[in-house]
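Please look at the sequence and the model first.

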Amino acid sequence: MKTLGKLLSSAEKTEVMRALMRQPAPAGLRELSRIAGVHPYSAVQVFETLVPAGLVLRKKMPFRDLYMLNRSHKDAAVLTAVFDAADQGFIRARNRLLHKRARTILPFIKEARRMQDSVTETRHVA
């Protein structure tokens with residue numbers, strides 16, 4: 001196994017890997033760079049190291065390439081555990097703030113749902 005330092009050697013690589021971990025299907029370069037919050041050129045550089053290493057699979061399409069995490073790679077399980085632990089730590093550390101935001105958003109969601117139900121009932125739409 002490579003060290004975590006090599007696997008996550010830069011902020012761009014870490015964010016691209018995080019984005020890949022959360023994708024259920026292959027995704028394009030621009031989509032992944034947007035999700036990761038990195039410039040597309042940075043994502044290209046990340047993929048130039050991860051594809052030859054076998055950690056990321058590239059599917060060549062006529063107009064673009066699609067990328068996905070190679071979940072059968074020996075280091076994929078380690079990365080999954082690292083990102084899951086990081087997400088749990090983020091949630092725990094910001095639990096109070098997230099709860100407060102949820103309480104302010106919930107009334108809006110309930111009102112929007114009431115409005116949607118009202119329109120559906122008025123139009124007799126199934």
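## The end of helix H3

Gly 37 follows helix H3 and has a positive phi, near 75°. Helices here are DSSP runs of H or I with at least four residues, strands are runs of E with at least two, and both are numbered from the N terminus.

This is a predicted model, in which local features need pLDDT of at least 70 and side-chain atom pairs count only at pLDDT 80 or more, while totals for chains, interfaces and linings use all residues. Residues are numbered from 1 along each chain as its sequence is written, and side-chain values use heavy atoms, with hydrogens and water left out.

## The chain as a whole

The chain has six helices and three strands. Their order from the N terminus is α-α-β-α-α-β-β-α-α.

Of the 126 residues in the chain, 28% are buried (buried means under 20% relative accessible area, exposed over 50%, and partly exposed in between, with a 1.4 Å probe and protein chains only). Among contacts with a separation of 6 or more, 53% are between residues 24 or more positions apart; a contact means heavy atoms within 4.5 Å.

Helix H3 spans residues 29-36, and its buried residues are Leu 32, Ser 33 and Ala 36. They lie on the same side of H3, because they cover an arc of only 100° around the axis (the arc is that of the directions from the helix axis to the C-beta atoms). The cover over the buried residues of H3 includes H2, strand S1 (27-28), helix H4 (40-53) and strand S3 (65-69). On the face turned away from the buried side of H3 are the exposed residues Arg 30 and Arg 34.

Ser 33 belongs to helix H3 and has a relative accessible area of 3%, so Ser 33 is buried. Apart from neighbours within four places in sequence, Ser 33 is in contact with Val 38, His 39, Pro 40 and Ala 43.

## H2 against H3

The axes of H2 and H3 come within 8 Å and cross at roughly 110°. Axes are lines fitted to C-alpha atoms, for helices over the stretch in contact, and angles run from 0 to 180 degrees between N-to-C directions. H2 and H3 are therefore roughly perpendicular (angles of 65 to 115 degrees count as roughly perpendicular, under 35 as roughly parallel, over 145 as roughly antiparallel and the rest as oblique).

In this pair, Glu 15, Val 16, Ala 19 and Leu 20 of H2 meet Leu 32, Ile 35 and Ala 36 of H3. By class, the contact of H2 with H3 has six nonpolar residues, no polar ones and one charged. Ala, Val, Leu, Ile, Met, Phe, Trp, Tyr, Cys and Pro count as nonpolar, Asp, Glu, Lys and Arg as charged, and the others, Gly among them, as polar.

H2 and H4 pack at about 80°, with their axes 10 Å apart, which makes H2 roughly perpendicular to H4. The contact joins Glu 12, Lys 13, Val 16, Met 17 and Leu 20 of H2 to Ser 42, Ala 43, Val 46, Phe 47, Thr 49 and Leu 50 of H4. These residues of H2 and H4 divide into seven nonpolar, two polar and two charged.

Helix H2 (residues 11-21) also crosses helix H5 (residues 76-93) at roughly 95°, their axes coming within 11 Å. In H2, Thr 14, Met 17, Arg 18 and Met 21 meet Ala 76, Leu 79, Thr 80, Phe 83, Ala 86 and Asp 87 in H5. The contact of H2 with H5 has six nonpolar, two polar and two charged residues.
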